[in-house]
Amino acid sequence: MRVVGIFPCAAVVPLYNKAPHVKRCLDSILSQTLPAAEIIVVDDGSSDGGLDIVRSYPSELVRIFTRSSPGPGGYAARNLAIREARSPWIAFLDADDEWAPDHLEGIAAGWAHAGVFTGFETRLPTGYRIRNVLPHSAPFIFDFDAILDLWLRRRTCPLWTGALAFRRETLIAAGLFPEGRCKRGGDKDLWLRASARGTMYGVPRATAIYHADSVNMVTRS
């Protein structure tokens with residue numbers, strides 16, 4: 001099935017003190033060739049003015065929720081967004097990262113599956129770029145065993161949060177992010193539980209961008 005017009009997807013953005021980057025993030029979501037149906041930003045008590053930047057966006061697609069204090073890994077913020085979403089699909093993007101303009105168009109091609117993931121590019125402070133893509137020349141369908149095999153062969157998780165989308169019902173059935181139970185690695189924990197519930201559609205192109213020079217990064221704490 002080819003999705004045209006608007007992709008019935010919520011772009012979920014947890015926000016905590018990422019004022020220097022959040023505009024880049026939101027601009028990349030709003031510049032998609034296949035627009036998302038809604039953008040849900042959940043602020044975890046930012047104190048750097050980032051929430052004011054989000055509030056300055058006139059787009060009616062942007063929905064804002066606030067929490068009083070930050071939760072480890074943004075798990076509670078993402079769970080709140082998933083529960084509040086009106087769309088059947090959820091795509092994730094941290095406030096300091098971005099999508100290429102055709103990211104959601106590639107995601108939408110996997111409409112028939114439980115989840116979709118694309119390749120991604122890491123941009124280092126030195127300007128060096130590292131591409132992480134699938135070893136396939138065309139889209140590939142993964143069952144759970146194939147996901148595990150790819151993970152073990154690479155010795156690193158092939159699923160990165162900013163390059164992922166799942167059906168909302170799949171995430172809820174899998175139990176959502178482990179808020180209150182995990183400080184690190186909770187994203188990978190959910191990807192395992194969710195990908196065990198259906199096939200995953202892999203897009204071989206790198207259409208998500210991870211910025212390794214961002215402020216207030218969880219990976220540095």
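Two strands count as paired if DSSP finds at least two bridges between them. In this predicted model, strand β4 (residues 89-92) meets that criterion on two sides: 4 bridges join β1 (residues 7-15) to β4, and 3 bridges join β4 to β9 (residues 164-167).

**Strand β4 and its partners**
- β1 and β4 run parallel.
- β4 and β9, by contrast, run antiparallel.
- Ala-91 has Ala-165 as its bridge partner in β9.

**Nonpolar cores**
- In soluble globular proteins, nonpolar side chains tend to be buried together.
- Here the largest nonpolar core has 35 residues.
- Phe-7, Leu-26, Ile-29, Val-41, Trp-99 and Leu-104 have the most contacts inside this core.
- At least two residues of this core come from each of β1, α1 (22-30), β2 (36-43), β4, α4 (103-108), β6 and β10.
- β1 gives the largest share, 5 residues.
- Another core, of 30 residues, lies apart from it; Val-12, Tyr-75, Ile-90 and Leu-176 are among its members.
- Leu-104 is in contact with Phe-7, Cys-9, Gln-32, Leu-34, Pro-35, Ala-36, Ala-91 and Trp-99, leaving aside neighbours within four places in sequence.

- Glu-38 is found in strand β2.
- Its relative accessibility is 5%, so Glu-38 counts as buried.
- Glu-38 and Ala-11 are 27 residues apart in sequence, yet their C-alpha atoms are 6.3 Å apart in space.
- Beyond neighbours within four places in sequence, Glu-38 is in contact with Cys-9, Ala-10, Ala-11, Leu-61, Arg-63, Ala-85, Arg-86 and Ser-87.

**Helix α5**
- Ile-147, Leu-150 and Trp-151 are buried in α5 (residues 144-154).
- These three lie on the same side of α5 because they cover an arc of only 100° around the axis.
- The face turned away from that buried side carries exposed Asp-145, Leu-152 and Arg-153.
- The cover over the buried residues of α5 includes β6 (115-123), β8 (140-142), α7 (186-195) and β10 (200-211).
- Asp-143 caps the N-terminal end of α5.
- In that cap, a side-chain oxygen of Asp-143 lies 3.3 Å from the backbone nitrogen of Asp-145.
- Just after α5, Arg-155 takes a positive phi of about 60°.

**Cysteines**
- A search of the whole structure finds 0 disulfides.
- Cys-157 is in no disulfide; the nearest cysteine sulfur, that of Cys-182, is 13 Å away.
- A disulfide needs the two sulfur atoms within 2.5 Å.
- The sulfur of Cys-182 is therefore too far for a bond, with its closest cysteine sulfur, in Cys-157, at 13 Å.
- Cys-157 counts as buried, at 9% relative accessibility.
- Cys-182 is partly exposed, with a relative accessible area of 22%.

Terms used:
Residues numbered from 1 in each chain as written. Predicted model: local features only at pLDDT ≥ 70, side-chain atom pairs only at ≥ 80, totals over all residues. Heavy atoms only, no water. Buried < 20%, exposed > 50% of the residue type's maximum accessible area, 1.4 Å probe, protein only. Arc of directions from axis to C-beta. Contact = heavy atoms within 4.5 Å. Polar contact = N/O pair within 3.5 Å; in protein donor to acceptor, adjacent residues only side chain to side chain. Core = buried A, V, L, I, M, F, W, Y, C linked by side-chain atoms within 4.5 Å.
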